[in-house]
Structures are given as structure tokens and as C-alpha cells.
Amino acid sequence: KMKLWKQLLAATLVLNLSTSSAFTPSCLKLPSKNLVRNAPYLGQQSAVSQKSPRPSIHDLRASLESSVGWIGRPGSSMQVPEPRMAEMRMSQLGRINIDGAEIQYDYLPGDGPVVFYLPALNQTRHGAKANAVKTWCRRNGRSFLVADYFGTGKSDGEYKDATITRWAKDAAALIDWLKKEHEHDGVIIVGAGVGGWVMLHTAQWRKDSIVGLVGVAADPDFTETLVWPALEDSVKAEIENKGLAVITWAGKPYTVTKALFDDGRKMQVLNKGPNSIPITCPVRLIQGLGDEEIPPERALELSDCLLSRDVVITYVKYGKHALEDYEDDFRRIYFAVEDIERQVVRQNWLRNMNRPV
């Protein structure tokens, strides 16, 4: 009996040491609960039990969409079982002829709706925001499109001939190309700076294809209401005589042209009063309160002119015009795209509920 009591006391001591101290030697630690639970009884054969693999987030999303039916984003023909595989997808570089000019584009296939990014003034398709949105789309299995404007980057054309009208028509042609070649019906346009102006006209010309708009420091009418009144007479004369000039705006050099100013007067959208812009899709506007190029109130003016009731403005304290200084600046774009998709899901669900059986 004394021997049994000593063994029991020693076992109790080992148990207390293994559970109370983080520095218990491995030789004194008791087996884990899983091992104890799965340990065979004496005289019983041990059975090797294997756990079922944990489903990935893509599998869970696929099972959910298959169970309730797709009402927001169409299913992708590409199988992307893991995020790492999604990051390996390569974009397709190409050129499309639009009105006699070859436009360079960068297309990433994936789930719809397509995130179509329109760059800011004097920027190419390789800007910080464009690259960030493209990377986010790649990691999440989404489709993405960006192109160099006519007269910029690797696209054909002379910059002095570039206008808001030309850029908007090219964007509309690219949306038609997406629908014809890749069977994409839904497009979310993300427009930065002048891209926000271009997207307003493109959305009016392709209403059936646009499911939402995201404006990042969108500056419609900036040529007529902001830049031209602030220019000196000598600079205005240079633009009229030579067709272009390099100006300094908010400490940054910009190349502006006579064609851009002349066309901008005809393409204004904020001078027709409330609800004058016939866009009814969800719109998300992101604007920095520290914007050095356009007044922050421009987002309020644009919201007032939009016919859509689903317009949300996000103001960023101390945010500059570029809105690309911090990772949070990019995340706001991602959240805006996801928010639009949620609204599309909700609208489609309500439409299906009201549909007669």
C-alpha cells in the first residue's frame, strides 16, 4: 500500500508541475487531450483517426452561392481554390483599336463585376492606386481592367488632342469590348481625379453595364471652374497660341492643352442643378479634407447633382488629393467596391422577391 501511495503522489506532483509551469520539461509533460482522448484502451486495437481538411474561404463562398443562388456577383469559370493560386494569375496586356488609335490596356480575368480603373490627369495605368486595386483584385479572384488614356503612356495619339470626350468614348468602347470578348455584363468604375469626371459621362452612355461608381477625389469641371480662372493672362495666351502649356497647380507640374479646356466647357456636369446627372446606380465618393487641388466641397456638389439616392461620401481628415499616402487610403477603395456589391446583392434579392411566381 505504501508503494502504491508513493506512485500516486508522484503522479499528482508531475500533473501539477506540467499544468502550472510554462517551463516544464517535455519529458514530464502529460500527453495532450487529443492524444489522451484518442488513446486506445488496454487490449484494444488503436484506430488512426484523420480529421477532414478544413475548407478554404473560396470553397465556403462557392457552397454558399450554390445554395442560395447568385444574386450579386456571377460565378467565375476559373477555379481558384486557394488565395495563393489567385495571386499567381497573370494579367493580359493588349491593344485595342478605337477610332483609329491603339489603346493599351491591362486586363485581369476573374469574377465579375469588372473593376475598371480610370487614372488621374497626366498619369498612366501604372499609378499607385491602379497597382493597389489590381493587386487586391488578383488576391480576391476579381476581374480588373485599366488602360492608358489616348495620348498618354503606351497608347497612340497626341496629348494635345486628348479631351474628356475622347477619354470617355474610349472607356465606353472598352466596356463594350469586355461584354463582347469576355461576357462581362457588370462594371464598377473607379475614377481618380479627372477619371472621376470621365466615369460620369461613361456611366451615362453605358447605363446597362454600370453597376456602381467609386470617385477618388473626383474633380469634374475642374478645367473651367478651378484652373482657367486662376491662370495668368500670359499663360492663357500661351495655351491659345501654342495649344498647350505646363502649369504649376498646388505645387505640381501639369501639362494642360487648349483642346482640354475647350472640350471641358462643353462636358461640364455640375452646372445644371440638383439631380441633373441621370445616374441611378450606387455611387461612393472618397474625398480628402486636406485636398490641395480641389475644394472638399466638390464632393457635396457632385452628390447634389446626381440623380441616384444611394450616394455615400467618405471624408478623410488631412487626406491629400492623391489619397495614396497610406494603406488605409487604398482600403477605402476596396471597401467602397465591396459596399457597392452588397447593395447590388440587396437590390437583386428584392427584385427576385417581388418577381411573380
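## Threonine 202 in helix α7

In this predicted model, T202 is located in helix α7. Its relative accessibility is 0%, so T202 counts as buried, the cut-off for that class being under 20%. Apart from residues up to four places away in sequence, T202 touches A168, A171, A172, I175 and I189.

## The chain as a whole

The chain contains twelve helices and ten strands. It has 357 residues, and 45% of them are buried. The accessible surface of the chain amounts to about 20,200 Å², and carbon and sulfur atoms account for 55% of that area.

Contacts can also be sorted by separation along the sequence. When contacts between residues at least 6 apart in sequence are considered, 72% of them link residues that are at least 24 apart.

In soluble globular proteins, nonpolar side chains tend to be buried together. In this chain, the largest nonpolar core has 62 residues, and those touching the most other members are F116, L145, W167, I189, L213 and I279. Helix α6, residues 164–182, makes the greatest contribution to this core, namely eight residues.

With residues up to four places away in sequence left out, W167 touches L121, Y149, F150, Y159, A162, V194, V198 and L260. F116 belongs to strand β3, which spans residues 111–118. Because its relative accessibility is 1%, F116 counts as buried. Beyond its neighbours within four places in sequence, F116 is in contact with L145, A171, L174, I175, V187, I188, I189 and V190. A further pair shows how the fold brings separate parts of the sequence together: F116 and V146 are 30 residues apart in sequence, while their C-alpha atoms are 5.9 Å apart in space.

## The buried side of helix α11

Helix α11 covers residues 298–305, and its buried residues are R298, A299, L302 and C305. These residues lie on the same side of α11 because they cover an arc of only 125° around the axis.

## The packing of helices α8 and α10

Helix α8 also packs with helix α10, which comprises residues 258–266. The angle between the two is about 130°, and their axes are 8 Å apart. Helices α8 and α10 are therefore oblique to each other: an angle of this kind lies between the range for roughly perpendicular, 65 to 115 degrees, and the range for roughly antiparallel, over 145. On the α8 side, the contact is made by T223, E224, V227 and W228. On the α10 side, L260, F261, G264 and R265 take part.

## Two residues with positive phi

The loop between β10 and α12 (327–354) contains Y318, and L323 is found in that loop as well. Y318 is a residue other than glycine with a positive phi, near 65°. L323 is likewise not a glycine, and its phi is positive at about 50°.

Are these residues buried or exposed? Y318 has a relative accessibility of 66% and so counts as exposed, the cut-off being over 50%. L323, by contrast, counts as buried because its relative accessibility is 2%.

Definitions and conventions
Residues numbered from 1 in each chain as written. Predicted model: local features only at pLDDT ≥ 70, side-chain atom pairs only at ≥ 80, totals over all residues. Heavy atoms only, no water. Helix = DSSP H or I, 4+ residues; strand = E, 2+ residues; numbered from the N terminus. Buried < 20%, exposed > 50% of the residue type's maximum accessible area, 1.4 Å probe, protein only. Contact = heavy atoms within 4.5 Å. Areas by Shrake-Rupley, 256 points an atom, 1.4 Å probe, with all protein chains shown as cover. Arc of directions from axis to C-beta. Core = buried A, V, L, I, M, F, W, Y, C linked by side-chain atoms within 4.5 Å. Axes fitted to C-alpha atoms, helices over the stretch in contact; angles between N-to-C directions. Parallel < 35°, antiparallel > 145°, perpendicular 65-115°, else oblique.
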